[in-house]
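These are my notebook entries on one structure, set down in the order in which I looked things up. The structure itself comes first, and the entries follow.

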Amino acid sequence: MTPGQRAESLIASFGISSPSEIDIEAIAFASGVEIQYDSLKGCDATLVGVDDRAIATVRPSSVRGRERFSIGHELGHWEMHRGRSFRCRTDSPDENLASNRVEEKEADSFAAHLLMPATLFNPRVNALIKPGFSALDEVAREFETSLLATSVRLTDVNQLPVALACYSASGRRWYKFSSDIPRRWRLESKLDEESFAYDLLKLGKMPGGLRKQPADVWFENSNADDFEVYEDCFPGKDGEVLVLLYLEADMMEAEFERNARGRRF
Ligand SMILES: [Zn+2]
């Protein structure tokens, strides 16, 4: 079973049928893990286990979603990597996303599936068709998750043709495409001055939600100017901006049209 399948089967075993029923502390208790809150130096959460009991210590956060994700992450270590102790950076799922630490990624995946199981999350986001950050914030409130973790999960579930990216003034930090987006689309490594994300990062100008942009603002492919994308952006951590892009059907199918004419990109 993948980490996600393990988490979702745990949710199913509790008979959970709505986001409000995902009581992460009760799930931890049932799994033999006691949760403590304490200020931690150099990490966001720790796990110490002996035999079939463990203590997860979580750094308190003003954002409950971050605490819940930290607990879910340590539960992931407990379910999958039992017999070892962990000190984790759980407050920044994007850091684990950009790293190659397999066990940290597994624990993050477990947490994401536990807090946003596909059976509950997918119908919710599908009903929104093209959720921008404000609509995703509503979803995050319902699931008691952070906006970042919710946005990462949106790309993971691959229900909508969405790309999520994080940029700073020096360039792209990381990105994640939903798996249906053809990999021939290459995201720009620097923010284009025409992007709403540039206005937000450089001028502090908040975007007015999801809006259309020529696709060559975001993609470096030579034929990108034949297409349009929808862009929304949101302030990230210090000096960073999160970007959400939706591709339309013509971009999703473009690869096949090229192939049909005998050209491969
Ligand atoms: Zn960890």
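Entry 1, the contact of α3 with α5. I listed the residues that meet, with contact taken as heavy atoms within 4.5 Å: Arg68, Phe69, Gly72, His73, Leu75, Gly76, His77, Glu79 and Met80 in α3 face Glu103, Glu104, Glu106, Ala107, Asp108, Phe110, Ala111, Ala112, Leu114 and Leu115 in α5. Sorted by class, this contact holds nine nonpolar, four polar and six charged residues, where Ala, Val, Leu, Ile, Met, Phe, Trp, Tyr, Cys and Pro count as nonpolar, Asp, Glu, Lys and Arg as charged, and the others, Gly among them, as polar.

I noted the basis before going on: this is a predicted model, in which local features need pLDDT of at least 70 and side-chain atom pairs count only at pLDDT 80 or more, while totals for chains, interfaces and linings use all residues. Residues are numbered from 1 along each chain as its sequence is written, and side-chain values use heavy atoms, with hydrogens and water left out.

I then looked up the geometry of this pair: helix α3 (residues 64-80) and helix α5 (residues 102-115) pack at about 120°, and their axes are 7 Å apart. That angle makes α3 oblique to α5, since angles under 35 degrees count as roughly parallel, over 145 as roughly antiparallel, 65 to 115 as roughly perpendicular and the rest as oblique. The axes are lines fitted to C-alpha atoms, for helices over the stretch in contact, and the angles run from 0 to 180 degrees between N-to-C directions. Helices (H or I, at least four residues) and strands (E, at least two) are DSSP runs, numbered from the N terminus.

His73 and His77 are separated by about one helical turn, because they stand four residues apart in helix α3. Both His73 and His77 are buried, a label for under 20% relative accessible area, with exposed meaning over 50% and partly exposed in between (1.4 Å probe, protein chains only).

I returned to helix α3 for Glu79, which is partly exposed at a relative accessible area of 22%. Not counting residues up to four places away in sequence, Glu79 touches Arg6, Ser31 and Phe110.

The axes of helix α1 (residues 3-13) and α5 come within 8 Å and cross at roughly 35°. From α1 the contact takes Pro3, Gly4, Arg6, Ala7, Glu8, Leu10 and Ile11, and from α5 Glu106, Ser109, Phe110, His113 and Leu114. I counted these by class as six nonpolar, three polar and three charged residues.

Leaving out residues up to four places away in sequence, Ile27 touches Leu10, Ile11, Phe14, Ile16, Ile22 and Leu75.

At what angle do the axes of helix α7 (residues 133-143) and helix α8 (residues 147-157) cross? I read roughly 105°, with the axes coming within 9 Å, and α7 and α8 are therefore roughly perpendicular to each other. Phe133, Leu136, Asp137, Val139 and Ala140 of α7 make the contact with Leu147, Thr150, Ser151 and Leu154 of α8.

Most residues other than glycine have a negative phi. Ile129, which is not a glycine, has a positive phi of about 65°; Ile129 lies in the loop between α6 (118-126) and α7 and is exposed, at a relative accessible area of 59%. I also noted Asn158, whose phi is positive and near 55°, in the loop between α8 and β5 (162-168).

Val241 lies in strand β9 (residues 240-247) and is buried, with a relative accessible area of 1%. Val241 and Cys166 are 75 residues apart in sequence, yet 5.7 Å apart in space, C-alpha to C-alpha.
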